[in-house]
There are 2 protein chains.
Amino acid sequence: MKINFSPGYLRRQNLRLGDIGEFLLVEKILKKIRKEQPEVIVGPGDDAFVVKMSTDKALVVTKDLLVENIHFDLRYINFFSLGYKSMMVNLSDLAAMGGARPSFAVVGLAMPVDILVKSVDNLYSGMLKAGKDYAFYIAGGDTVASKKDIVISITLFGEIDSDRVITRKGAEPGDLILTSGYFGDSAAGLRILQKQKNARNKSETYLIKKHLSPRPRFDYADILSKHRLATSLIDSSDGLAASLKFIAQNSQVGMNIFMEKIPVSRALRNWARGRSADYFWSLVLAGGEEYELVFTTKPENLSRLKRFGLRPYVIGEVSRQKTIRYFLNGRKYKYSGCGFEHFRG
Amino acid sequence: MKINFSPGYLRRQNLRLGDIGEFLLVEKILKKIRKEQPEVIVGPGDDAFVVKMSTDKALVVTKDLLVENIHFDLRYINFFSLGYKSMMVNLSDLAAMGGARPSFAVVGLAMPVDILVKSVDNLYSGMLKAGKDYAFYIAGGDTVASKKDIVISITLFGEIDSDRVITRKGAEPGDLILTSGYFGDSAAGLRILQKQKNARNKSETYLIKKHLSPRPRFDYADILSKHRLATSLIDSSDGLAASLKFIAQNSQVGMNIFMEKIPVSRALRNWARGRSADYFWSLVLAGGEEYELVFTTKPENLSRLKRFGLRPYVIGEVSRQKTIRYFLNGRKYKYSGCGFEHFRG
């Protein structure tokens with residue numbers, strides 16, 4: 001191992017991972033992420049990370065894997081934004097459990113040897129910025145070589161009072177089905193990036209931003225959890241239709257969804273003009289990567305939700321018969337797709 | 001999503017991931033790993049996993065990423081063994097913190113769509129067998145598509161009394177340096193597999209087994225931790241020389257290593273006959289994937305270690321001057337390599 005590199009060498013602009021090796025990279029990363037935390041017994045840089053947990057809280061653990069050219073494309077997103085977004089995706093899962101507070105993240109990175117050290121640095125900067133914005137820290141992880149594509153594996157830890165957890169299981173017939181925001185924007189943003197790379201108008205700028213910069217909806221999660229205003233809760237990372245299906249399956253109920261009530265942004269309506277209705281609805285229902293919250297609640301809670309400053313959209317109702325039925329302006333809508341699936345051949 | 005597949009279809013021998021999609025695979029995996037655990041508040045299959053932690057213990061977290069054709073080669077190892085070994089690698093990190101008890105694992109898998117569903121099943125069976133053997137469970141994770149190679153990302157959680165943690169930091173001048181077992185076997189086993197695939201004699205069979213079936217040394221870790229018999233502790237996943245360097249760096253000490261005292265198996269000696277001394281020593285010092293423990297202790301503890309039934313090998317002593325010096329039969333040995341590094345170009 002070349003441990004005698006001068007700092008000047010390390011700052012060289014086009015230094016690649018293969019030039020410095022894993023150990024030096026790890027040292028570089030450790031310097032970046034190391035800081036004193038009162039509850040940390042052994043910080044980054046040992047065989048494992050050791051932390052003292054609060055005694056009265058439950059530990060919440062979520063994991064997401066992001067694979068280059070499947071989940072992200074470096075032609076559309078820079079390393080800083082990628083690092084930031086990777087954390088948002090995981091934070092959304094904590095929000096979806098009832099607003100669990102993030103405490104720390106463990107990061108696994110597989111990267112080709114020809115990646116620029118500067119790029120890895122930017123990736124970490126993005127993740128650290130997310131940690132700063134959402135009050136958690138990076139506890140270390142593993143960095144290894146890959147043959148070609150980058151893989152980012154994040155395990156995020158949070159804490160929550162056990163009795164404030166909201167799962168996918170509690171929906172009951174008669175409950176309303178609500179969402180925190182628009183659907184279809186992120187999927188449209190991705191299609192714009194894939195087709196032309198840059199935005200040609202304000203609508204496209206907005207849609208691209210929605211794709212590249214999702215934010216977890218802790219605003220909703222915190223109120224739903226604190227005031228026990230949801231019978232079930234999920235985020236919409238796999239698309240609205242998939243989220244609805246997961247709640248229905250886990251709660252063993254059915255649903256009637258009124259498609260005209262699904263909130264759609266003005267930008268998406270503009271962009272979809274001239275495109276087919278089926279295409280439009282596939283973006284809205286199966287788009288994926290939305291990170292809005294989908295939840296169910298008792299009808300009498302609707303006014304309370306509004307009193308707490310939330311403006312959720314009622315998109316349907318929970319039914320007894322165990323199927324999900326989609327209606328568009330009163331007519332049954334046949335929808336064959338069902339969310340974004342990673343493995344579909 | 002095709003949710004109407006008959007079980008018969010799912011059992012079809014050559015069914016591939018692309019045929020059933022991610023959601024069905026996840027359902028299949030969930031069925032396999034789901035079981036009731038008293039401390040689990042929300043089990044696998046929700047947005048995140050929620051668990052009640054013991055109040056008086058510290059949480060230990062370790063993460064390892066295994067990338068196909070970098071860390072494993074499916075020509076040499078089957079999916080069941082790969083699953084099992086992946087867990088052993090992580091368990092070794094828990095052992096290296098002072099014998100932390102594993103509690104649960106979160107598994108991330110990136111796989112190409114043409115992988116056989118049966119293979120994924122076998123991979124999970126191997127991981128579950130490890131969980132059975134070492135008393136932990138799989139709490140879920142994330143399964144996504146990859147372009148080509150398989151990536152296995154495991155985050156393993158354990159518990160330990162805070163005051164029983166042993167880090168890389170406590171080595172002091174005058175301490176002895178010890179190891180729990182042989183070095184070089186795993187690296188030799190890998191070279192045999194790469195060259196000829198099958199063993200031609202007993203020595204080769206043994207070396208291959210050492211490479212494919214490592215075991216964490218909880219026998220050592222537990223005693224070292226319980227009776228406070230180590231001033232520093234690390235596992236040797238990156239090779240002996242790297243482990244020594246990590247202890248020396250973190251403890252801010254130097255070391256004198258007496259190479260003739262490093263334990264080497266009879267099988268490795270047999271196999272290395274006719275090969276150069278440099279090659280032999282590079283396997284022993286920089287081989288990697290050994291998962292033996294390397295630790296330091298006060299000289300007066302040596303007899304206590306033996307009284308507890310351990311037979312460690314003393315390979316050197318901690319010195320005040322901050323360099324690591326290697327001696328072979330009293331003569332200084334120049335060793336240029338330093339452990340296995342993933343990114344070396």
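How many aromatic pairs does the structure hold over all chains?

Guide: The structure, a predicted model in which local features need pLDDT of at least 70 and side-chain atom pairs count only at pLDDT 80 or more, while totals for chains, interfaces and linings use all residues, holds 21 aromatic pairs over all chains. Residues are numbered from 1 along each chain as its sequence is written, chains are lettered from A and ligands numbered from 1 in the order in which they are written, and side-chain values use heavy atoms, with hydrogens and water left out.

Rings of Phe, Tyr and Trp (its six-membered ring) pair if their centres lie within 6.5 Å; planes under 30 degrees apart count as stacked, over 60 as edge-to-face and the rest as tilted. The rings of Tyr182(A) and Tyr313(A) have centres 6.3 Å apart and planes at 40 degrees, so this pair is tilted. Tyr182(A) lies in the loop between β7 and α5 of chain A and Tyr313(A) in strand β11 of chain A, so the pair ties together parts 131 residues apart in sequence; strands (E, at least two residues) and helices (H or I, at least four) are DSSP runs, numbered from the N terminus. Tyr182(A) is partly exposed, at 30% relative accessible area.

Phe104(B) and Phe157(B) form a stacked pair, 4.3 Å centre to centre with 15 degrees between the planes. Phe104(B) belongs to strand β4 of chain B and Phe157(B) to strand β6 of chain B, 53 residues apart. Both Phe104(B) and Phe157(B) are buried (under 20% relative accessible area; exposed is over 50%, partly exposed in between, with a 1.4 Å probe and protein chains only). One aromatic cluster includes Phe104(B), Phe157(B), Phe49(B) and Tyr137(A).
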